[in-house]
There are 2 protein chains.
Amino acid sequence: MRRASIKDVAKAAGVSTSTVSYVLNQKSSESISAQTTQRVWEAVRTLNYVPNLNARSLTSRRTNLIGVVIPQTEPGKEFMFSNPFYGELLSAIEYTARRNGYHLLLSGPEPDQSYVGIARNRGVDGIIIVGSYPTKSLSELHQLSVPVVLVDTYVKDPVFHTIGIDDRLGGLLATRHLLEMGHRRIAFVSGSISEQGVTQKRFLGYMDALSEFSLALDERHLYLGSVSFEFAQSVAQEMERRGNRETAAFATADIMGMGLIKGLRHMNRTIPDDLSVVSFDDVDLARMSDPSLTTIHQDIAQKGISAVEMILAAADGHKEKQESILPIQLMVRDSVRRIDPNQESGAF
Amino acid sequence: MRRASIKDVAKAAGVSTSTVSYVLNQKSSESISAQTTQRVWEAVRTLNYVPNLNARSLTSRRTNLIGVVIPQTEPGKEFMFSNPFYGELLSAIEYTARRNGYHLLLSGPEPDQSYVGIARNRGVDGIIIVGSYPTKSLSELHQLSVPVVLVDTYVKDPVFHTIGIDDRLGGLLATRHLLEMGHRRIAFVSGSISEQGVTQKRFLGYMDALSEFSLALDERHLYLGSVSFEFAQSVAQEMERRGNRETAAFATADIMGMGLIKGLRHMNRTIPDDLSVVSFDDVDLARMSDPSLTTIHQDIAQKGISAVEMILAAADGHKEKQESILPIQLMVRDSVRRIDPNQESGAF
């Protein structure tokens with residue numbers, strides 16, 4: 001026998017399905033007459049109707065819950081917000097979600113953990129994934145029938161919505177600025193370069209700029225570690241050890257630009273006098289830092305806002321795959337000085 | 001008439017309440033005989049039993065969801081993480097929750113919004129509230145039967161668990177350090193002072209230190225605005241305008257210490273040469289800043305970890321009210337210089 005649905009109950013009681021929901025939920029705020037209530041309960045009993053307890057809400061198919069996943073890209077790293085970029089992005093996501101009556105389910109799963117079970121059990125209306133995510137785990141998410149927005153990844157996916165920036169252009173703008181200011185030996189300071197991540201694109205932009213100035217890539221200028229203040233701080237010493245005499249550095253995150261400033265200061269050197277730095281993101285920190293950082297500005301708040309809006313549009317029946325590339329620009333502040341390109345001496 | 005409970009159904013059907021749950025949830029994984037299933041359904045009909053649709057799961061009392069509320073203390077402030085303190089705290093909460101199989105429901109409701117509806121609809125296992133929260137909304141939360149942990153508030157509540165630090169002691173340690181270093185005209189730079197918030201206690205500590213040195217409170221030294229980089233930056237100019245010739249400032253958050261550094265620099269003055277600063281919290285930023293900030297260190301990560309552990313202990317049946325005061329200490333870095341207390345001239 002077919003299991004009775006809420007529609008069957010509504011029909012039998014001669015009321016709308018929402019009235020049935022109200023009665024079942026015993027919502028006191030709704031003014032439903034005792035008679036109607038009685039009729040609904042009779043229909044429930046007659047039809048042996050059992051509400052689907054897994055449905056989070058009977059009055060709406062929506063749970064008004066958006067899952068936000070900030071993968072732990074570096075195993076062993078305990079906390080997700082050591083880079084303030086994530087805090088600023090999450091703030092914007094939370095604010096936009098709240099304004100639209102949604103809440104956030106926040107997770108920072110380990111790289112080998114699938115999100116499918118979590119999303120299914122929690123019944124999220126949509127999922128926002130920030131940064132790199134294992135391709136295998138991503139394809140599993142196709143099992144779910146909820147919209148997924150990928151933020152800052154270059155994974156190709158035929159269904160999932162994407163939002164990001166042109167990271168390669170960013171790398172080009174950052175490095176070109178240093179070249180235009182006379183720098184030739186430019187360190188590339190970043191976390192590890194992964195296949196579909198943003199760092200690889202920023203690195204390609206670094207190479208694009210070098211080739212615009214007919215310079216070859218010199219691998220001795222690459223300083224690859226982790227996206228952290230501490231790593232960048234240690235790079236200052238590593239630069240001295242290698243003795244490449246860099247006059248400038250492109251750091252792929254503001255937090256690393258900050259680390260370079262501090263690392264140099266510990267060696268009694270200063271930015272931009274001894275090393276010019278362009279960083280990336282333009283988090284609040286970039287303008288608070290001293291010197292303030294010349295950086296590639298991206299609209300972090302807009303990224304979060306758009307991610308939520310994509311979920312809302314999809315939930316409203318917008319079927320097409322949405323893709324958004326937000327604009328970026330070079331923000332000139334105080335961490336770069338002009339030098340004579342023929343000048344031979346660098347800080348290190 | 002008393003509404004039938006799941007226990008009544010179990011008794012009438014001669015089965016356990018979990019068997020009733022299994023049947024109602026129609027869990028195929030459980031081997032329950034057709035006869036038993038039949039008996040349960042009969043009891044459900046006879047007793048007119050309506051499952052509580054708000055209970056997320058009938059088989060387990062846990063939803064493994066912890067609600068985290070970061071109230072918007074300043075209306076109109078869009079984003080919750082403009083102070084990195086919140087990002088660091090949330091990171092620790094998320095990490096600890098995840099390690100224990102829990103997820104976070106993140107909300108930053110407006111001051112006038114009650115959280116009761118949200119918590120009830122989402123069926124959270126516990127609630128962590130960070131910072132000030134309207135007393136009225138707080139008392140409404142007593143309606144819920146889930147553990148609540150209040151972080152950083154001095155609201156008196158007989159039931160809710162609390163975790164915080166001795167903010168008054170922190171204010172004392174910060175100000176006493178400045179006094180011991182020879183400073184006498186010490187600005188107090190903070191957000192607005194609210195009744196049960198941490199700022200009021202830090203202010204009392206500031207006054208305690210002054211009285212230790214037999215100094216009276218001079219209200220001209222109070223600079224009250226918002227807990228933000230921008231406000232503190234503007235304070236530098238306000239100090240000059242007032243002409244109080246302060247030689248030092250106690251800023252009640254690191255983010256404000258950063259703002260003072262920047263504000264002074266814009267006036268071609270430096271910290272600590274022209275103004276000594278002690279701030280509060282010891283967020284990552286405090287050591288990244290230049291000069292690094294002498295500040296009151298609190299273990300932000302431990303605060304988050306303990307908050308989650310309190311929820312878990314309560315969920316495991318620990319009934320007593322849990323209260324925890326985490327240790328703090330003065331962290332001496334580079335933003336304070338010793339002066340001659342008899343020296344008359346301040347920077348402003």
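The dialogue below takes up these topics one by one.

Reply: This is a predicted model, in which local features need pLDDT of at least 70 and side-chain atom pairs count only at pLDDT 80 or more, while totals for chains, interfaces and linings use all residues. Residues are numbered from 1 along each chain as its sequence is written, chains are lettered from A and ligands numbered from 1 in the order in which they are written, and side-chain values use heavy atoms, without hydrogens and water.

Me: In what order do the twelve strands of the open sheet run?

Reply: Strands (E, at least two residues) and helices (H or I, at least four) are DSSP runs numbered from the N terminus, and two strands pair if DSSP finds at least two bridges between them. Here the order is E11(A)-E5(A)-E4(A)-E3(A)-E1(A)-E2(A)-E2(B)-E1(B)-E3(B)-E4(B)-E5(B)-E11(B), with mixed pairing. Strand E11 (323-326) of chain A and strand E11 (323-326) of chain B stand at the edges; each has a single partner strand, so one side of each lacks a neighbour in the sheet. Within chain B, strands E3 (residues 126-130) and E4 (residues 148-151) pair in the parallel sense over four bridges, and Ile127(B) stands opposite Val148(B) in E4(B).

Me: How many salt bridges are there over all chains?

Reply: A salt bridge is a side-chain nitrogen of Lys or Arg within 4 Å of a carboxyl oxygen of Asp or Glu. By this rule the count is 28. One of them joins Arg265(B) to Asp290(A), with the closest N and O atoms 2.6 Å apart. This pair crosses between chains, from helix H10 (residues 254-266) of chain B to the loop between helix H11 (284-288) and strand E10 (294-298) of chain A.

Me: Are Arg265(B) and Asp290(A) buried or partly exposed?

Reply: Buried means under 20% relative accessible area, exposed over 50%, and partly exposed in between (1.4 Å probe, protein chains only). Arg265(B), at 29%, is therefore partly exposed, whereas Asp290(A), at 14%, is buried.

Me: Where is Asp281(B) found?

Reply: Asp281(B) lies in strand E9 (residues 276-281) of chain B and is buried, with a relative accessible area of 4%. A polar contact is a pair of N or O atoms within 3.5 Å; within protein, one must be able to donate a hydrogen and the other to accept it, and residues adjacent in sequence count only if both atoms are side-chain atoms. Such a contact, of 2.9 Å, joins the side chains of Asp281(B) and Gln298(B).
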